[in-house]
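My notes follow in the order in which I checked things.

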Amino acid sequence: MIKIQDFCDMDKFESIMNNWATSTGLATVAVGADGEYISECYNFTDFCIKLTRGSAEGCRRCEKCDQEGQGVYSCHAGLVDFGIPITLDDGTVLGSVIGGQVLPENPDDEVFRKTARELGINEDAYIEALHRVNVKTREEIEASATLLGDVINMYVRDCYVKMANRKMLDKLKDGIQEAAEQIEEANVSTKKIENFSKRQRILSLNASIEAARAGEAGRGFSVVATEVQKLAEGMSVTSTEISTTLAKLTQTIQDLNQ
């Protein structure tokens, strides 16, 4: 499973989350694909965390909203929350940014007192915490949530591409190093061919001399000696061509390593 924290600068990630929460007054946190928090919780309200989620029934309802809520939506307690997926360009889901915890309008205390009774929460404490919750229009909430989702996704995708490029370059460097080693081995083999060609030319020359001494009886041997000479010359030419090609490849690899 790909994890955001494996390739992102999480200090920068946290900075984006914190700056957004400070500027908008909305709560937010990032979670991975496994649902575990991967960032700090910003602007979380006592109304939501300490009171609503602090009760067994409230926590159950909140977890249901967390699982089912997408985009900008109204939670069971009457606040507006959001859930924006964090994805790669190919659609792979890495997690999400969730939050909100704001009111879309000034609250009706009696409605929330009823919710407090249903959840078994002290009504006065609930209303006191409610009045500390920010009020934003739904349009403001949607715009803010969309902005955070866009910025976080752009940042995560940029980090992922940089990581992928680094891996590709590392693999290329490894390949270049391996190619350089193989070229060195080929150079050694080419030198062996060249030395063998030289020995063949000497052998051919000696054979020609012996054939000349033998006169008519050495004619057949002379033909063989001539063919050996041609083979030696051909090997020498091939060896030179290979050496030239290897020299060019070596220069190309050296240029890539610069």
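I took helices (H or I, at least four residues) and strands (E, at least two) as DSSP runs numbered from the N terminus, and I counted two strands as paired if DSSP finds at least two bridges between them. The model is predicted, so local features need pLDDT of at least 70 and side-chain atom pairs count only at pLDDT 80 or more, while totals for chains, interfaces and linings use all residues. Residues are numbered from 1 along each chain as its sequence is written, and side-chain values use heavy atoms, with hydrogens and water left out.

Sheet. I found an open sheet of 4 strands in the order β1-β4-β3-β2, with antiparallel pairing; its edge strands, β1 (27-32) and β2 (71-74), each pair on one side only. I then looked up β3 (residues 80-87) and β4 (residues 93-102), which are joined by 7 bridges, and noted that isoleucine 86 stands opposite glycine 95 in β4.

Core. I defined a nonpolar core as a set of buried (under 20% relative accessible area, 1.4 Å probe, protein chains only) Ala, Val, Leu, Ile, Met, Phe, Trp, Tyr and Cys residues joined through side-chain atoms within 4.5 Å. The largest such core has 30 residues, and Ile4, Phe13, Ile152 and Val156 have the most contacts inside it. Two or more residues each come from α1, β3, β4 and α6 (138-214), and α6 gives the most, with 8 residues. A second, separate core of 17 residues includes Cys75, Tyr126, Leu130 and Val133.

Methods
Buried < 20%, exposed > 50% of the residue type's maximum accessible area, 1.4 Å probe, protein only.
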